[in-house]
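Reader: I'd like to go through some side chains with you, one question at a time. Can we start with the model itself?

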Amino acid sequence: QLIELRKTDPQAARDVLALVTARTPPDLASGLINALAQSESPELGPLLVDAIGPMTPAGRRAGILALLARSDWTLALVSGIEHGKLGLSALSLDQSQALASHPDGKIAARAKALLSSGGALPDLDREKVIQALAPRIMKGGDATRGKEVFKKECAKCHAHSGEGGKVGPDLTGMAAHPRSELIVHILDPSRSVEGNFLQYTVSTAEGRVLNGLLVGETKTSIELLDAEGKKQTLLREDIEQLAVSRKSLMPEGFEKSITPEGLADLLQFLTRKGKYLPLDLHKAASYVTTQGIRFGPTRTVGRLIFEDWGPKVVDGVPFLLVDPQGERVPNAILLSGPGSRMLPKSPRSITLPINAPARAIHFLGGVSLLGFPMGVEGSVSMIVRLHYEDGSTEDHELKNGVHFADLNGGENVPGSKQAFRLGGQQVRCLAVNPGKTSTIASLELVKGSDRCAPIVLAVTVEGLE
């Protein structure tokens with residue numbers, strides 16, 4: 001409150017900064033510095049640079065984040081590094097990336113020179129880095145140690161098995177992907193960035209600079225989610241510049257903060273297949289269930305809204321939902337064929353990697369638009385086509401009135417069971433049992449011949465163990 005009332009007063013900033021000492025608990029130190037970040041005093045930048053040195057890691061990180069929040073303070077940070085008041089080791093990867101890509105060209109140039117001379121700037125040839133490290137990483141590692149690496153290096157932004165942050169994609173289902181693919185995502189995160197994870201940089205009229213994911217917007221404001229998992233709301237009238245980068249919010253140069261052995265352990269953890277393997281639907285999802293489908297000016301159908309979008313468990317089977325982030329992110333698979341004229345843009349088939357043998361494949365869905373009691377009972381709504389590693393395929397037909405019911409209402413069908421009631425809608429659960437114990441390379445969901453539009457919210461593979 002003191003800083004908010006006296007934003008331009010350097011003495012108020014000094015008084016609050018003096019409260020951060022070696023005896024200050026980490027949470028309190030971070031909170032005090034976060035309050036200081038609301039100051040508009042140009043003198044605070046140099047004062048904070050001088051004070052960061054003896055701070056504990058929590059205070060130091062909060063201090064650097066505050067210095068990166070305003071261009072004049074960031075200039076003080078760069079000057080402090082140039083004069084040896086701070087070492088480059090004090091910067092995390094995402095902070096180094098924020099400096100090197102600063103919207104002020106002069107600051108960015110000085111930062112790049114510093115990072116380059118100190119060896120902190122990652123090699124721009126990411127393919128060369130991947131090829132150099134792959135032989136050491138691909139040989140395998142220890143999953144237990146890899147879990148600790150995940151907690152230390154990844155959990156701030158990513159979740160796994162229900163634990164961790166929500167800035168980046170959930171990594172629970174990564175065991176379905178080959179290691180060679182995961183290495184690319186880790187070491188070259190900007191090679192293929194989904195639109196939901198592009199980095200935005202905002203400069204305000206009062207000199208603030210913020211980096212993060214665009215997670216919400218209205219006519220008058222936008223909402224950013226930064227690398228710390230904190231949401232920042234900015235009024236459009238205060239924005240001086242808004243730029244989107246093709247770079248991922250995940251910084252390049254991960255190999256500089258972790259050894260090749262640590263990377264091997266991390267991959268071992270991410271690719272470990274337990275009894276259940278929830279699949280990642282991010283890239284396959286085409287339908288936003290919170291938005292529904294609008295018919296005419298007022299009528300909306302097909303809305304499925306959970307109170308929270310965390311992992312769900314049905315009869316002991318874990319399911320991983322995609323968070324639609326309001327109405328922004330597709331979070332479900334919706335299939336539609338020629339007979340479903342209302343949904344001409346929905347895909348007729350999608351493919352998900354598995355790369356594992358399976359006792360059963362569980363689906364959270366079992367509902368459709370124009371499903372039972374509408375449509376033709378017994379008609380084929382969706383085909384689950386298993387592509388085995390040996391090249392063979394196996395089809396499982398799921399039928400309207402047997403496996404699928406309409407999502408509106410609570411109609412029961414014998415081949416699936418109701419898992420959730422969401423207002424006037426339902427979500428059901430069903431399973432397919434493969435006929436072979438061989439490794440399944442991928443799972444293809446194909447639209448059947450009827451007019452129903454089947455919905456799949458999550459897929460989990462149950463292993464043979």
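Predicted model: local features only at pLDDT ≥ 70, side-chain atom pairs only at ≥ 80, totals over all residues.

Reader: Where does phenylalanine 269 sit, and which residues is it in contact with beyond its neighbours within four places in sequence?

Author: Helices (H or I, at least four residues) and strands (E, at least two) are DSSP runs, numbered from the N terminus. Phenylalanine 269 belongs to helix α12 (residues 260-270). Contact here means heavy atoms within 4.5 Å. With those sequence neighbours set aside, phenylalanine 269 touches Ala143, Gly146, Lys147, Phe150 and His160.

Reader: Why is the pair of phenylalanine 306 and tryptophan 309 given a ring geometry, and which one is it?

Author: Rings of Phe, Tyr and Trp (its six-membered ring) pair if their centres lie within 6.5 Å; planes under 30 degrees apart count as stacked, over 60 as edge-to-face and the rest as tilted. That rule gives 3 aromatic pairs. For phenylalanine 306 and tryptophan 309 the centres are 5.3 Å apart and the planes are at 65°, so the pair is edge-to-face.

Reader: Which residues do ring pairs link into a cluster?

Author: Phenylalanine 306 also pairs with phenylalanine 420: their centres are 5.2 Å apart and their planes at 75°, so that pair is edge-to-face too. It links distant parts of the chain, 114 residues apart, with phenylalanine 306 in the loop between β10 (299-301) and β11 (312-314) and phenylalanine 420 in strand β20 (residues 417-422). Both of these phenylalanines are buried. Put together, the ring pairs link Phe306, Trp309 and Phe420.

Reader: What sits over the ring of tyrosine 388, and at what distance from its centre?

Author: A charge sits over a ring if NZ of Lys or CZ of Arg is within 6 Å of the ring centre and within 35 degrees of the ring normal. Arginine 70 does this with tryptophan 73, at 5.4 Å from the ring centre. Over tyrosine 388 sits the charged end of lysine 436, and its distance from the ring centre is 4.5 Å.

Reader: How many salt bridges are there?

Author: Side chains of opposite charge can pair when their charged atoms come close. The rule used here is a side-chain nitrogen of Lys or Arg within 4 Å of a carboxyl oxygen of Asp or Glu. One of them joins lysine 312 and aspartate 308, with the closest N and O atoms 3.0 Å apart. By that rule, the count of salt bridges is 18.

Reader: Which strands hold arginine 385 and aspartate 395?

Author: Their side chains meet in a salt bridge (2.8 Å, N to O). The pair ties together parts that are 10 residues apart in sequence, because arginine 385 lies in strand β17 (residues 380-388) and aspartate 395 in strand β18 (residues 393-399).

How values were computed
Residues numbered from 1 in each chain as written. Heavy atoms only, no water. Buried < 20%, exposed > 50% of the residue type's maximum accessible area, 1.4 Å probe, protein only.
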